[in-house]
Amino acid sequence: MNRSVLALSAALGLALAAGMAAPATAAQARPSSAGAVSGYAGSAAEEAGNRAFYAAVMKSALAKQAAQPYLKAVYVTYDASSAPTFRSQIASAASIWNGSVRNVQLRSGSNADFRYYEGNDSRGSYASTDGHGSGYIFLDYAQNRQYNSVRVTAHETGHVLGLPDHYSGPCSELMSGGGPGTSCTNPYPNATEKRRVDSLWANGFAATAAAPQTVSR
């Protein structure tokens with residue numbers, strides 16, 4: 001894709017990650033996500049960052065909709081080859097999103113817009129993305145054993161589609177992530193989240209979106 005306009009950078013985790021996340025191979029030690037407690041609501045800094053992330057994505061989306069009003073649904077390609085342990089969960093997450101929204105569809109392929117990786121990271125799973133379909137998702141082994149793995153994967157994929165974390169939300173809200181605790185297994189976005197993604201990707205919003213700025217692996 002031809003990508004231009006605003007480049008945003010965000011690392012958005014399921015439970016305890018905050019701020020810009022480095023890839024697992026270069027990660028600095030942080031508290032382990034294995035100690036995450038039920039009802040985690042996120043810090044004030046995380047909440048402010050999430051609001052800024054969504055506002056910036058929405059601003060860019062509206063500009064692209066005005067510039068390209070006749071584009072149809074965008075196809076965003078992902079590569080799961082570097083996360084073979086989670087191939088089934090990734091396929092399920094893609095299917096969930098494809099069945100939930102109209103204006104963007106996910107498909108597997110080698111010429112990818114974003115990629116999945118797997119490994120161990122004390123911060124848990126996270127996404128490094130511009131919210132326009134670019135970047136990468138890291139899936140942590142320990143966290144995916146503690147939490148429902150399809151929910152984790154669908155949650156992180158939601159970040160790539162433009163949604164911020166909202167830890168204080170109920171289990172029915174996918175982007176509440178680890179906030180409701182490990183008993184929450186819902187892998188589906190709610191009606192509000194579906195509408196937000198469709199609004200962000202209306203008329204092919206991501207067709208010329210900027211590539212994310214990511215920390216070197």
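The structure is a predicted model, in which local features require pLDDT of at least 70 and side-chain atom pairs count only at pLDDT 80 or more, whereas totals for chains, interfaces and linings use all residues. Residues are numbered from 1 along each chain as its sequence is written, and side-chain values use heavy atoms, with hydrogens and water left out.

Confidence is expressed as pLDDT, the predictor's confidence in each residue on a scale from 0 to 100. The protein chain has a mean pLDDT of 74, with 59% of its residues at 70 or more. Among its elements, the lowest mean pLDDT, 42, belongs to strand β1 (residues 10-13), and the highest, 98, to helix α2 (residues 87-100). Helices (H or I, at least four residues) and strands (E, at least two) are DSSP runs, numbered from the N terminus. Residues 1-42 remain under 50 in pLDDT, and the model has 149 contacts for them beyond four places in sequence, a contact being heavy atoms within 4.5 Å. The pLDDT is also below 50 over residues 206-217, a stretch with 57 contacts beyond near neighbours in sequence. Where pLDDT is low, the predicted coordinates should not be read in detail.

A disulfide is defined as a pair of cysteine sulfur atoms within 2.5 Å, and by this rule the count is 1. The bond joins cysteine 171 and cysteine 184, with 2.1 Å between the sulfur atoms. Because the torsion about the S-S bond is about 90°, this disulfide is right-handed. Both cysteine 171 and cysteine 184 lie in the loop between α4 (149-160) and α5 (191-200), 13 residues apart. Cysteine 184, at 2% relative accessibility, is buried.

Isoleucine 96, in helix α2, is buried at a relative accessible area of 10%. Residues up to four places away in sequence aside, isoleucine 96 touches Val150, Pro187, Tyr188 and Pro189. The C-alpha atoms of isoleucine 96 and tyrosine 188 are 6.6 Å apart, although 92 residues separate the two along the chain. Threonine 157, in helix α4, is buried at 0% relative accessibility. With the same exclusion of residues up to four places away, threonine 157 touches Ala93, Trp97, Leu106, Tyr116 and Ile137.

Notes:
Buried < 20%, exposed > 50% of the residue type's maximum accessible area, 1.4 Å probe, protein only.
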